[in-house]
Amino acid sequence: MRILRSVQTKTCVDGSLMKEYVLDEPLTEGFLEFLGNFGTVRSLEQLKKPYFSFEKERFISIRGFTGDNTVEVRYIKEFQDLVADYFHLLLFYYRQGGPGIAQLKGIEESMSAKMNVRLGRSKENSP
């Protein structure tokens with residue numbers, strides 16, 4: 001799965017950045033299962049078109065419809081510069097399969113450490 005183009009970019013009232021992307025293939029259940037390794041996935045299967053949301057605290061949130069090839073990604077204001085590539089990384093490591101999960105977890109750890117430095121927290125005090 002790859003990003004073909006960004007359709008829309010907006011700054012939200014809370015200062016977060018929202019980008020809508022068009023992907024080269026539809027979002028699948030497999031991708032949602034992959035996302036579950038990194039944050040909270042919620043699905044509303046009872047809708048005509050199954051809706052999902054993904055939340056990775058301090059990183060991003062993703063919303064869309066399973067089977068659709070467009071997705072909305074919100075980047076948290078305080079850490080936009082640190083997580084700007086996170087959605088791209090999710091797509092890349094999804095293609096890697098199981099080994100990609102461990103690799104991305106390592107990258108997340110590095111990003112979280114930078115966030116903690118910015119927040120004035122030491123590694124021992126991080127959530």
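This report walks through the core, a helix pair, the salt bridges and a few single residues of a predicted model.

## Ground rules

Since the model is predicted, local features need pLDDT of at least 70 and side-chain atom pairs count only at pLDDT 80 or more, while totals for chains, interfaces and linings use all residues. Residues are numbered from 1 along each chain as its sequence is written, and side-chain values use heavy atoms, with hydrogens and water left out.

## The nonpolar core

Let's start inside. The largest nonpolar core has 29 residues, and Ile60, Ile62, Val71, Tyr86, Phe87 and Leu90 touch the most other members. A nonpolar core here is a set of buried Ala, Val, Leu, Ile, Met, Phe, Trp, Tyr and Cys residues joined through side-chain atoms within 4.5 Å; buried means under 20% relative accessible area, exposed over 50%, and partly exposed in between (1.4 Å probe, protein chains only). At least two core residues come from each of β2 (17-23), α1 (29-35), β4, β5 (60-65), β6 (70-75), α3 and α4, and α3 gives the most, with 6 residues. Helices (H or I, at least four residues) and strands (E, at least two) are DSSP runs, numbered from the N terminus. As a rule, nonpolar side chains in soluble globular proteins tend to be buried together.

Setting aside residues up to four places away in sequence, isoleucine 60 touches Phe54, Glu55, Val73, Arg74, Tyr75, Ile76, Val83, Tyr86, Phe87 and Leu90, where contact means heavy atoms within 4.5 Å.

Which residues of α3 are buried? In this helix (residues 86-96), they are Tyr86, Phe87, Leu89, Leu90, Leu91 and Tyr93. Just after α3, glycine 97 takes a positive phi of about 75°.

The axes of α3 and α4 come within 7 Å and cross at roughly 155°. Those axes are lines fitted to C-alpha atoms, for helices over the stretch in contact, with angles running from 0 to 180 degrees between N-to-C directions. The two helices are therefore roughly antiparallel to each other, going by a scheme in which angles under 35 degrees are roughly parallel, over 145 roughly antiparallel, 65 to 115 roughly perpendicular and the rest oblique. On the α3 side, Tyr86, Leu89, Leu90, Tyr93 and Gln96 meet Gly98, Pro99, Gly100, Gln103, Leu104, Ile107, Glu108 and Met111 of α4. That contact splits into 8 nonpolar, 4 polar and 1 charged residue; Ala, Val, Leu, Ile, Met, Phe, Trp, Tyr, Cys and Pro count as nonpolar, Asp, Glu, Lys and Arg as charged, and the others, Gly among them, as polar.

## Salt bridges

There are 4 salt bridges in the structure, each being a side-chain nitrogen of Lys or Arg within 4 Å of a carboxyl oxygen of Asp or Glu. One of them joins lysine 56 to glutamate 108 (3.3 Å, N to O). This pair links distant parts of the chain, with lysine 56 in strand β4 (residues 51-56) and glutamate 108 in helix α4 (residues 98-119), 52 residues apart. Both lysine 56 and glutamate 108 are buried.

Arginine 118 pairs with aspartate 81, their closest N and O atoms being 2.8 Å apart. Arginine 118 sits in α4 and aspartate 81 in helix α2 (residues 80-83), so the bridge ties together parts that are 37 residues apart in sequence. Arginine 118 is partly exposed at 43% relative accessibility, whereas aspartate 81 counts as exposed at 54%. Another salt bridge brings arginine 74 and glutamate 72 together (3.3 Å, N to O); arginine 74 is partly exposed at 27%, and glutamate 72 is partly exposed at 25%.

Is threonine 66 buried or exposed? Threonine 66 lies in the loop between β5 and β6, and its relative accessible area of 13% makes it buried. Beyond its sequence neighbours up to four places away, threonine 66 touches Leu27, Thr28, Glu29, Leu32, Lys49, Pro50 and Phe52.

Glutamate 55, in strand β4, is partly exposed at 34%. Leaving aside neighbours within four places in sequence, glutamate 55 contacts Gly39, Thr40, Ile60 and Ser61. Then there's isoleucine 3 in strand β1 (residues 3-11), partly exposed at 23%. The C-alpha atoms of isoleucine 3 and leucine 23 are separated by 4.5 Å, although the two are 20 residues apart along the chain.
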